[in-house]
Amino acid sequence: MLRSLPEAEAPPSTVAEVGEARRTAVVRADKAHVWHPYTAMKRYVESADPLVLERASGPYVYDLDGRRFLDANASWWVAVLGHAHPRLVEALRRQSEMMPHVALAGVTHEPVARLAEELVAVAPPGLTRVFFSDDGSTAVEAAMKMALHRCHLRGERRTRFVALEGAFHGETLGCASVGGVELFRRPFAGVVIDCLFAPSPASGEDDGAARAIEAMIELVRREAETIAAVVVEPLVQGASGMRMYPASYLRELDRVCRAHDVLWIADEVFTGYGRTGRMWACDHAAVTPDILCTAKGFSGGMLPMGATLVSERVFAPFAEADATFHYGHSFCGNPLGAAVAREVLAVFRDERILERTQAKAQRIAAAFESFRSLPGVVRARSLGMIGALDLSESSSYLGTIGWRVYEEALRRGAWLRPLGDTVYVTPPLTIGDDELERLLSIVEDSVRAAGR
Ligand SMILES: *Cc1c(COP(=O)(O)O)cnc(C)c1O
């Protein structure tokens, strides 16, 4: 029940006072009631001085005082086309006046049908069916349920998954089951689905990838009869610190899975939509997974929406048995999200986003190569529109050096949230050349300043 809205405050007089009063009121309400994701709340409430953001445009976010910050990670990797791209805003406005939402059971509409068609046209060849859901986690959750359901239809008792150490696949219990970040997994360890973890090819050690593929081959051979699917983040393990591995691993994975009739799932929620320099990370290896998950950039960072694309190999058992996949969120195929996602693909085509990121990717690569010599930098790496450096040997998620860099970067005008001691940039693909230069020099200066 709505009890009552808080009292209005006494009206402030000057412009500066108006701004300060709003800021204070927002922070007070926030600290009293908002439970923040991935945040130690006691410490936050007692000592955080949060940015209060009001507006976002292109590569920038603006706070209530009108200060602007470069969004170094495209707001948790979603704003691939920058914030408030005019064409996406217009597509959203148009669709919201026409039909904001209808359920997708037994009916269809132009945005969702055409989106599926256009998505299949740009996807790795052989993916032909699209299942829509709400975000990256549900795209992976749907993939896992499809794999399990398919085994059930085929009369197979395959109920386990294989994932990589250090993997991150989202937040639901299903996704957490295939998550290989020990810290995130620990509270739920007793209840999650059975998952076998294979060594990460992105360990950073010499011949790490070669040894990891040997281990994966061995595992798939041994456990083929019990595995519903193998799931990987292709080329980059994002959440565990932008850890990268070679495309040859994907080719070998594809080969061994096919040889043993085991499905593999590419979780392209982070890597899709040009982040690695190609439309999909899988494109670097010229492989097509059995199932591909997309979200984040998929709806241009405007709306939560995800999609799970599958090959006929996955879909056929359902078609042959005329089986119902008993799964579907309320907002499955939401017309707003679908209209925006279509416009995202149109912008990628019309603005030649992939071609135009090549020079920027080279700039990021050169800059992070040079950052190796900065004080305190243990490792540095890059791929496409991703640059990352580690400031401690273990690059621990609980480390504090990354947060010192964060503070230094804020002072210099960039919002550079680290992954523990891993400092990274994943800017909007549309970031301008000058803005990219500024961001890279802020990274350099902030790392130097934090090391003093
Ligand atoms: C972010 C992410 C997810 C989860 O997506 P949400 O939209 O946050 O639910 C899943 N997999 C990968 C690889 C991700 O980076």
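1. The model under discussion is predicted. The comments that follow should be read as descriptions of that predicted model.

2. Ser137 has a polar side-chain atom 2.6 Å from a ligand oxygen atom. In the side chain of Lys296, an N or O atom is 2.8 Å from an oxygen atom of the ligand. With Asp267 the ligand atom is a nitrogen, and the separation from a side-chain N or O atom is 2.7 Å.

3. Two packed helices are described by the angle between their axes and the distance between the axes. Helix α6, residues 136-153, and helix α12, residues 312-320, have axes that come within 9 Å and cross at roughly 50°. At that angle α6 is therefore oblique to α12. The crossing of this pair is left-handed. From α6 the contact draws on Met146, His149, Arg150 and Leu153, and from α12 on Arg313, Val314, Pro317 and Phe318. Five of these residues are nonpolar, one is polar and two are charged.

4. Helix α4 (residues 86-98) packs against helix α13 (residues 335-350) at about 150°, and their axes are 9 Å apart. The pair is therefore roughly antiparallel. The handedness of the crossing of α4 and α13 is right-handed. On the α4 side the contact residues are Arg87, Leu88, Ala91, Leu92, Gln95 and Ser96, while α13 contributes Pro335, Leu336, Ala339, Val340, Glu343, Val344, Ala346, Val347 and Asp350. By class, this contact holds ten nonpolar, two polar and three charged residues.

5. Which relative direction do α14 and α16 take? Helix α14 spans residues 353-371 and helix α16 spans residues 433-451; the angle between them is about 15°, with the axes 11 Å apart. The two helices are therefore roughly parallel to each other. Their crossing is right-handed.

6. The residues that meet in the α14 and α16 pair are Lys360, Arg363, Ile364, Ala367, Phe368 and Phe371 in α14, and Asp433, Leu436, Glu437, Leu440, Val443 and Glu444 in α16. Seven residues of this contact are nonpolar, five are charged and none is polar.

Conventions:
Residues numbered from 1 in each chain as written. Predicted model: local features only at pLDDT ≥ 70, side-chain atom pairs only at ≥ 80, totals over all residues. Heavy atoms only, no water. Axes fitted to C-alpha atoms, helices over the stretch in contact; angles between N-to-C directions. Helix = DSSP H or I, 4+ residues; strand = E, 2+ residues; numbered from the N terminus. Parallel < 35°, antiparallel > 145°, perpendicular 65-115°, else oblique. Left-handed = near helix turned anticlockwise from the far one by under 90°. Contact = heavy atoms within 4.5 Å. Nonpolar A, V, L, I, M, F, W, Y, C, P; charged D, E, K, R; others polar. Polar contact = N/O pair within 3.5 Å; in protein donor to acceptor, adjacent residues only side chain to side chain.
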